[in-house]
Amino acid sequence: MRHILLFVFAIMSCGMACGITPPRVHDPVMAKGEDGKYYIFATGMGIDVLSSTDMKEWHREHSVFDRNGGIPQWAVDSVPGYRGHTWAPDISFHDGRWLLYYSCSTFGKNTSAIGLATNRTLDPTSPDFKWVDQGMVIKSHKRTDNWNAIDPNLITASGQRFLVYGSFWDGIQLVKLAEDYRTPVTKPVTIARRINCNLTAEELNNVENFTIEGGDTIEAGENAIEAPFIIYKEGYYYLFVSFDYCCRGQASTYKTVYGRSRNIEGPYVDRDGKPMLKGGGTILYGPDKENFGIGHCSVYDFDGRWYFISHAYNKAQDGAAILFVREIHFDKDGWIK
């Protein structure tokens, strides 16, 4: 009996130190830190953070804005309804700093903004560890922009910096950034969409006229595409996006598709040659025997091995979103096997 009590006490007392396999996460991105650990950043209050030494057993860390002055006031002031639940981050290392882009929004609205926070290290035990918010990068406005400023991903090409982002409305957007990594220097250009391309700008803006079903299910028009992520490999830029619907537990229908282009600005086409501007996309992962849907991915080369990172709405956990990690391989023609 004493051993049982000690075991129960240990479980109750472990807190963030306990390993989680697999963790519940939403919109995960990953990086390998200076300390050799892998770090996940994901949607959550102040941005969720987890760490692991093997990408299998994960430990909860303090959120990004937990110990760094709280959630950004500029976001609270700029985005009605935003109160700190921060979506879809993106993490990468450039010019001696970790760059963490993040989304501030409310569900089903395109009054949204993307912000940027920076840090010298991902190791929370380092004396140099401190997230510094750099403010807003780009914002979308209701009835002014027919795109949604969420789901950012930074990609560099030929010494230039690009931010790809977007959710529903007129689809996936690409904008060039200045050397400071936070100032747009071009207007957004659509590089992938599913919606009827014959719709006018006014009609696209009215896609925000949602239909409410069952009191809490929101349909955001026809253009069910979001969560872009771009990688470069051997002469091609690969664009990954999510089709269909997230955030519905057992009713989630998320699927990940991709296409590629020789030019970061497109046009991107799928394996059958269909442009992603006209609904193209080769399915990579989707509903299967274990998951209702798989999407909002990130893709990385860690030590010469490519990994697909996303969340999956798991059937064994009643549709809860859990971490989904798979190693991927490319065939001789450059398509994912």
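1. The secondary structure of the protein chain consists of three helices and 22 strands; helices (H or I, at least four residues) and strands (E, at least two) are DSSP runs, numbered from the N terminus. Please keep in mind that this is a predicted model, in which local features need pLDDT of at least 70 and side-chain atom pairs count only at pLDDT 80 or more, while totals for chains, interfaces and linings use all residues. Residues are numbered from 1 along each chain as its sequence is written, and side-chain values use heavy atoms, with hydrogens and water left out.

2. Of the 337 residues in the protein chain, 55% are buried, where buried means under 20% relative accessible area, exposed over 50% and partly exposed in between (1.4 Å probe, protein chains only). Contact means heavy atoms within 4.5 Å. Among contacts between residues at least 6 apart in sequence, 52% join residues at least 24 apart.

3. Two strands pair if DSSP finds at least two bridges between them. β21 (residues 305–314) and β22 pair over nine bridges, and Y307 has E327 of β22 as its bridge partner.

4. Now to Y285, which sits in strand β19 (residues 282–285). Is Y285 buried or exposed? Y285 is buried, because its relative accessible area is 19%. Beyond its neighbours within four places in sequence, Y285 is in contact with K255, T256, I294, F308, F324, R326 and I328. Y258 lies 27 residues from Y285 along the chain, and their C-alpha atoms are separated by 9.9 Å.

5. Finally, the structure holds one cavity of 30 Å³ or more. On a 1 Å grid over the protein atoms alone, a cavity is a set of points where a 1.4 Å probe fits but cannot get out, and lining residues have an atom within 4 Å of a point. The largest cavity has a volume of about 60 Å³, that is, the space filled by probe spheres set on the points. β20 (291–302) is one of the strands that supply at least two residues of its lining, and β20 gives the most, with three residues. Residues of the lining include H296, C297 and S298.

Note on methods:
On a 1 Å grid over the protein atoms alone, a cavity is a set of points where a 1.4 Å probe fits but cannot get out, and a pocket is an open set with protein on both sides within 12 Å along at least five of seven lines; lining residues have an atom within 4 Å of a point.
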